[in-house]
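Open the model in your viewer and keep the sequence panel beside it. This tour tells you what to select next and what is there.

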Amino acid sequence: MKIAIFDSGIGGVTVLHEALLRIPDAEYIFYADTDHVPYGTKTSEEIKGFVDDIVDSLVSLEADAIVIACNTATAVAAEHVRKKYSIPIIGMEPAVKPAVEVAKKDNGRVLVMATPVTIRENKLHSLLSKVDTDHMVDLLPMPGLVRFAENEIFDEAEVDEYIEEQLAVFDKSAYSEVVLGCTHFNYFKPAIRKAFADEIKLIDGNVGTIKHLADKLKLPYEYNPEKILTKFDYERIDYLVSGRPAGKEDLSKFGRLHERLNSIK
């Protein structure tokens with residue numbers, strides 16, 4: 001079974017990492033569209049064009065299923081490409097529903113961090129109208145985290161300063177859950193927890209997406225909270241960078257990203 005996972009950049013590595021942990025026996029292609037990152041500041045028509053080209057190329061590589069490991073691309077283009085192709089195309093959306101359910105038990109509010117396009121698109125607002133009936137959710141665009149991630153700036157002071165600046169208009173004590181509505185944001189779990197003095201639950205859509213993928217393809221789904229990836233696990237992947245085979249520097253970068261994900265929860 002050949003599964004292709006793509007994102008506007010390196011954020012999708014967080015989804016690939018989850019897939020390797022939970023569906024380890026599949027064959028994987030990972031496609032990072034680094035020529036056009038970030039999608040979160042592009043127009044909807046531009047994003048549709050990028051996604052069209054990527055899905056077309058992944059279908060030509062005989063992928064059995066495709067995961068759009070990008071909330072922004074899913075919101076803008078998932079339905080568009082599903083109409084064109086018969087293979088399963090799995091999208092992502094911010095994990096608002098589980099966050100709201102947990103927040104009700106915690107008597108807190110939910111803050112959704114996402115890209116400007118994800119926040120702008122109707123898909124998220126339609127989801128909120130269904131699950132946020134008590135108006136517990138606030139939205140916060142965080143495009144700077146995408147730029148930091150692409151440059152592998154994760155733990156530096158400028159990241160902490162940016163997060164604090166973006167949160168300045170909110171009462172942080174009001175929130176019990178933060179939804180990471182962009183796959184790039186998973187690299188920043190330590191910094192986001194620090195901003196909330198560790199008194200926060202972080203919820204993302206990666207686990208749910210991979211579970212949905214396994215169900216859709218009727219594949220075995222594993223869960224071992226102690227498991228980490230080895231070089232053998234992630235170096236066997238076919239990596240593409242905007243359609244080109246990943247070079248030595250790209251492969252080294254992907255390896256560093258997997259190692260970071262091994263070290264954070």
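Start by selecting phenylalanine 188, in the loop between strand 7 (175-180) and helix 9 (189-195). Helices (H or I, at least four residues) and strands (E, at least two) are DSSP runs, numbered from the N terminus. Phenylalanine 188 is buried, with a relative accessible area of 0%. Buried means under 20% relative accessible area, exposed over 50%, and partly exposed in between (1.4 Å probe, protein chains only).

Now show what surrounds this side chain. Leaving aside neighbours within four places in sequence, phenylalanine 188 is in contact with Leu145, Phe148, Ala149, Ile153, Phe154 and Val159. Contact means heavy atoms within 4.5 Å.

A word on ground rules before going on. This is a predicted model, in which local features need pLDDT of at least 70 and side-chain atom pairs count only at pLDDT 80 or more, while totals for chains, interfaces and linings use all residues. Residues are numbered from 1 along each chain as its sequence is written, and side-chain values use heavy atoms, with hydrogens and water left out.

**Zoom out: the whole chain**

Colour by secondary structure. The protein chain has 12 helices and 10 strands. Its C-alpha atoms fill a box of roughly 50 × 35 × 35 Å, taken along the principal axes.

Buried residues make up 56% of the 265 residues. Among contacts with a separation of 6 or more, 77% are between residues 24 or more positions apart.

The chain exposes about 11900 Å², and carbon and sulfur atoms supply 50% of it. Accessible areas come from the Shrake-Rupley method with a 1.4 Å probe; for residues, only the protein chains shown count as cover.

**The cores**

Hide the surface and select Ile5, Tyr28, Met113, Phe196 and Phe254. These residues have the most contacts inside the largest nonpolar core, which has 61 residues. A nonpolar core is a set of buried Ala, Val, Leu, Ile, Met, Phe, Trp, Tyr and Cys residues joined through side-chain atoms within 4.5 Å. Helix 1 (residues 13-22) supplies the largest share of this core, six residues.

Centre on methionine 113. Not counting residues up to four places away in sequence, methionine 113 touches residues including Leu140, Met142, Leu167, Val178, Ile192 and Phe196.

Then pick Ile47, Ile66, Val81 and Ile89. They belong to a second, separate core of 24 residues.

Which helix holds threonine 14? Threonine 14 is found in helix 1. It is buried, at 3% relative accessible area. Beyond four places in sequence, threonine 14 touches Thr183, Asn186, Tyr187, Asn206 and Leu261.

Move to alanine 73, in helix 3 (residues 71-82). Alanine 73 is buried, at 0%. With neighbours within four places set aside, alanine 73 is in contact with Tyr39, Ile47, Val51, Ile68 and Ala78. Alanine 73 and lysine 227 are 154 residues apart in sequence and 30 Å apart in space, C-alpha to C-alpha.

**Loops and backbone**

Select glutamate 62, in the loop between helix 2 and strand 3 (65-68). Buried or exposed? Glutamate 62 is exposed, with a relative accessible area of 61%.

Go to proline 38, in the loop between strand 2 (27-32) and helix 2 (44-60). A cis peptide bond joins valine 37 and proline 38, with omega about 0 degrees.

Asparagine 107 comes next, in the loop between helix 4 (96-106) and strand 5 (109-114). Asparagine 107 has a positive phi of about 55 degrees although it is not a glycine. At 73% relative accessibility, asparagine 107 counts as exposed.

Finish at glutamate 152, in the loop between helix 7 (143-150) and helix 8 (157-167). Glutamate 152 also has a positive phi of about 55 degrees and is not a glycine. Its 24% relative accessibility makes glutamate 152 partly exposed.
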